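Hi,

Here is the structure I said I would pass on.

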Amino acid sequence: MTAGDLGAPPATAVLPAAPDGPPPATVPGPPKVPAAGQPHTWWVPVRPGGGRVDLLDPAERLRAEGLLGSPARDVFVTSRAAQRRLGSRYLGVPPAQVRIDRDCQYCAGTHGRPRFADSRVDYSVSHTEDWVLLAVAGVGLIGVDVERSSSDRDTDGLAAVALTANERALFARVPPADRPGWFLTAWTRKEAAMKLTGFGLRAPPGQLDVSGPTVTVGSVPGWPRIPVHLHDLPAPAGHAAALASTVPVRAVRSFPVPGERAFRATG
């Protein structure tokens with residue numbers, strides 16, 4: 001799926017086997033800075049018990065130790081290491097010298113949207129238990145989200161509170177068997193937009209209409225006036241993904257991190 005109206009569930013994908021050995025610290029590949037409207041996406045698989053702990057800073061290593069033995073540790077290490085590896089790639093410095101600012105723009109906390117310090121290159125990160133997805137933009141701001149489908153999810157109940165009135169009307173016309181995929185796609189769009197702005201769930205999902213190519217905002221004080229453009233992404237089987245951008249998206253270039261398994265979208 002690409003930019004445009006909210007439609008069918010996202011494409012599925014086929015996963016090749018993971019290669020042996022640890023991935024390299026630096027990441028070669030595409031042009032260092034994505035062109036305007038042509039963001040880059042990177043998919044990194046979460047390896048049980050793996051990850052480049054050596055790329056984490058002392059505070060991150062301490063946090064990883066506290067998560068030892070849990071799936072959350074694998075996701076955390078994979079995500080933080082991937083952010084430093086890609087920061088190294090785009091900023092042209094060693095991973096250890098990549099400085100990431102997580103200060104919240106709305107409060108004094110350190111839980112804000114991550115940013116490369118002193119750089120115009122913007123990025124966003126999202127994850128499930130199986131994959132970490134990163135999106136990078138050379139111009140404007142970007143947000144990204146990936147979600148894993150679940151048969152335990154109360155789709156109708158969530159739709160009642162997370163969708164706008166217009167979206168609920170569209171949702172009601174979707175055949176019941178297709179509703180979980182439709183809702184998951186809508187939710188990734190909302191999350192991507194909330195991550196772009198740094199609002200997170202401070203922006204009520206039911207006030208963000210993502211049924212079109214840009215977000216239509218209801219009552220969300222402080223939401224930026226600049227248009228937020230939406231773009232659905234191919235994703236691994238059982239997942240949905242989307243990105244949001246302050247620049248109209250003309251094309252998305254997707255890359256696997258060297259040394260890691262990739263997925264090939266089908267359908």
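Predicted model: local features only at pLDDT ≥ 70, side-chain atom pairs only at ≥ 80, totals over all residues.

Four strands make up an open, mixed sheet, ordered S5-S6-S2-S12. S5 and S12 (253-256) are the edge strands, each pairing on one side only. On average, neighbouring strands here are turned by 20° against each other, ignoring direction. S2 (residues 40-45) and S12 run parallel and are joined by four bridges; Trp42 has Phe255 as its bridge partner in S12. Helix H2 (residues 71-91) packs on this sheet, where it touches S2, S5 and S6 (131-137). The direction of H2 makes about 25° with that of S6.

**Ser124.** This one sits in S5 (residues 122-127). Is Ser124 buried or exposed? Its relative accessible area is 4%, so Ser124 counts as buried, the cut-off being under 20%. Beyond its neighbours within four places in sequence, Ser124 is in contact with Leu133, Leu134, Ala135, Ile142, Gly143, Val144 and Lys195. With Val144, a polar atom of the Ser124 side chain lies 3.0 Å from the backbone nitrogen.

**Helix H3.** In H3 (residues 155-162), Thr155, Ala159 and Ala162 are the buried residues. They lie on the same side of H3, because the arc they cover around the axis is only 85°. What do the buried residues of H3 pack against? Their partners are helix H4 (165-172) and helix H5 (179-197).

Cheers

Methods
Residues numbered from 1 in each chain as written. Heavy atoms only, no water. Buried < 20%, exposed > 50% of the residue type's maximum accessible area, 1.4 Å probe, protein only. Helix = DSSP H or I, 4+ residues; strand = E, 2+ residues; numbered from the N terminus. Arc of directions from axis to C-beta. Contact = heavy atoms within 4.5 Å. Polar contact = N/O pair within 3.5 Å; in protein donor to acceptor, adjacent residues only side chain to side chain. Pairing = 2+ DSSP bridges. Axes fitted to C-alpha atoms, helices over the stretch in contact; angles between N-to-C directions.
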